[in-house]
Amino acid sequence: RDLPPISLDVRQKQRISTDPLSSEMKAPVLPEPILPVQPKTMKDFLEDVEKAKSSGDWKTVYDFYLTTFDSFPELSAAFKKDASASFNTIEDSGINAKFVNAVYDALLNTPQDIQKTVLKGIINSLLQDWKGPRTKDDLRAYFILLQNPQFNNTSTYVIYAHLLRQTASLVEADHHFLAHWFKKLSQKRFKPLVERLLQFISLRLFPAKPEEFPPISKCSWWIPSASKVLALLNTANNLVHPPLIPYTDFYNSTLDHIDLMEEYHTWQSFGNSHRFSFCQYPFVISIAAKKIIIQRDSEQQMISIARQSLVDKVSRRQRPDMNMLFLNMKVRRTHLVSDSLDELTRKRADLKKKLKVTFVGEAGLDMGGLTKEWFLLLIRQIFHPDYGMFTYHKDSYCHWFSSFKCDNYSEFRLVGILMGLAVYNSITLDIRFPPCCYKKLLSPPIVPSDQNTPVGICSVTTDDLCQIMPELAHGLSELLSYEGNVEEDFYSTFQVFQEEFGIIKSYNLKPGGDKIPVTNQNRKEYVQLYIDFLLNKSIYKQFAAFYYGFHSVCASNALMLLRPEEVEILVCGSPELDMHALQRSTQYDGYAKTDLTIRYFWDVVLGFPLDLQKKLLHFTTGSDRVPVGGMADLNFKISKNETSTNWLPVAHTCFNQLCLPPYKSKKDLKQKLIIGISNSEGFGLE
């Protein structure tokens, strides 16, 4: 409706073809254009706009927009910093970004005829008959046009779709240039580009007014084109450290409402071939949606394996029983680690069945509580410093693998299996590994078929080391920036020393490293080899066992959809607390939510600083993090404890339950609650 007349033809004709622009849509061959000269400076343009606003005469501004958006060469020339320079590098687009921003900011406040003129010019540019490869000026034009805020309006989506298709169909080398140019944008300008594309995809999937768009069968290329351009922006975002926007800003929550398993199966069947699936672009799928895919994939594997067990029993004419459908763990509390290791080793074929835990000598059915208690107690024991498997680094509040050599690494495999079972059975663990651990866990995301292929090895930097050993990382950074003579002042060689059971052992970072001095020239190599030794080579056997343990349970292609940060959230939950959401989803036993004690409780908790809120969550659930599904997934319950009000609150972490005496005053409740949550290690089990 708001488009110039030419757009109606585009609407009709673009329904015909799903290939690059069909012949009847192409404009006649034009003579080679003469290279335009930059018509105005930014100062001139802004002055013209101000004059037009005060006088009401927009002709000069109209002429500027008419000329500038008339063709790709005009567009590129208008915004080039220097019309005579070529600007053929990936690091500099040659575009005056401030001028582009000023022109687009002013555009939305101009009369409608100017806005229509711009759209008409874009249509004509997109309909040009291209000869040969795109020039850098053409790339600059695409770069500028993709920033046009007019494409927020659904009435421009037909034009936007063609722009996206042409951008998506550029060769890989051109995409490389665009990604590097986009990374130079400010966050203020970059974020709207992402939001515009996400909105375009959402409204194409679920249009508010279906009659606004052509039938989806006639424009099946819209969403694939938009996704590919979005991938360019995602690449650009990942090229910058820190990124321009958080990776979560690329999530499209609309996709939570489509058939994700169909998308997943399409991707598994066709990979990244001509058949489109959102799983080809996993950065747009939210962690909640990925969790659903992983859970359903896990459930299907569980059902398949349980069914096979049943068929095997029946075929051997044996009487089936329900226990064969589960991974049944029978352990003694006094021998928790060894019993768990024995059971998991013996029942390796059952790892993908639903987990059920029984503590020997104790009556009790596992309805989820015993399983959670088993995880909590086992993790607590394995990660204890005296156990020697992991080293706790106080500076970074995280655990890392001990580099001590041993004869058997099966207990590291047990920790990997535990993490895999937690993801598989949707249980959140209180484990403090650095982000680097999850990066290694996805290296590669699918277990290689060749047993000799190294696993758990990834490229590491000082940033990775800083998350574990910040002081050492700081020292190495200072070595890299040291302005004096490194060889004479530091007197180091390509050799490192580690203490193992009271004995100092030396390791060469490269052959003959003990005889190679660290100098100003080779210090970068030294730092890189040192970090690689600490985070990869010195713990290779330990981490490989851990890796194989995790993947023995979570052997799923769905892992390929995950970022390392998302694996961490699946295993440990999210650190983002929303206590109002917890209040809304809390269940009560013996109390009503209107009772005075409960009102006191929430007044106190909502007023707590973040560290006390985390302590409360840890006290009641065994972890200070939130499951992927949010607070509602905790099934948090407050029960009335008919005891003296002199008593402290009690928690049953296996059931996420807080037992609260009926305190008579807010002051008393606050005092007792703070004492209880501040002097507990997370276990209030009776």
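**Backbone exceptions and core packing in the predicted model**

Pro242 is found in the loop between α11 (222–238) and α12 (260–270), where helices (H or I, at least four residues) and strands (E, at least two) are DSSP runs numbered from the N terminus. The peptide bond that joins His241 to Pro242 is cis, with omega near -5 degrees. The structure is a predicted model, in which local features need pLDDT of at least 70, side-chain atom pairs count only at pLDDT 80 or more, and totals for chains, interfaces and linings use all residues. Residues are numbered from 1 along each chain as its sequence is written, and side-chain values use heavy atoms, with hydrogens and water left out.

A cis peptide bond also runs from Ser443 to Pro444, with omega near -5 degrees; Pro444 lies in the loop between α17 (435–441) and α18 (462–466). Tyr397, a residue other than glycine, has a positive phi near 55 degrees and is placed in the loop between β3 (390–393) and β4 (398–401).

The largest nonpolar core has 176 residues, and Tyr65 and Trp374 have the most contacts inside it. Such a core is a set of buried Ala, Val, Leu, Ile, Met, Phe, Trp, Tyr and Cys residues joined through side-chain atoms within 4.5 Å; buried means under 20% relative accessible area, exposed over 50%, partly exposed in between (1.4 Å probe, protein chains only). Helix α16 (residues 410–424) supplies the largest share of this core, 10 residues. Trp374 touches residues including Met329, Phe359 and Leu418 (heavy atoms within 4.5 Å).

Notes
Lists of a residue's contacts leave out its neighbours within four places in sequence.
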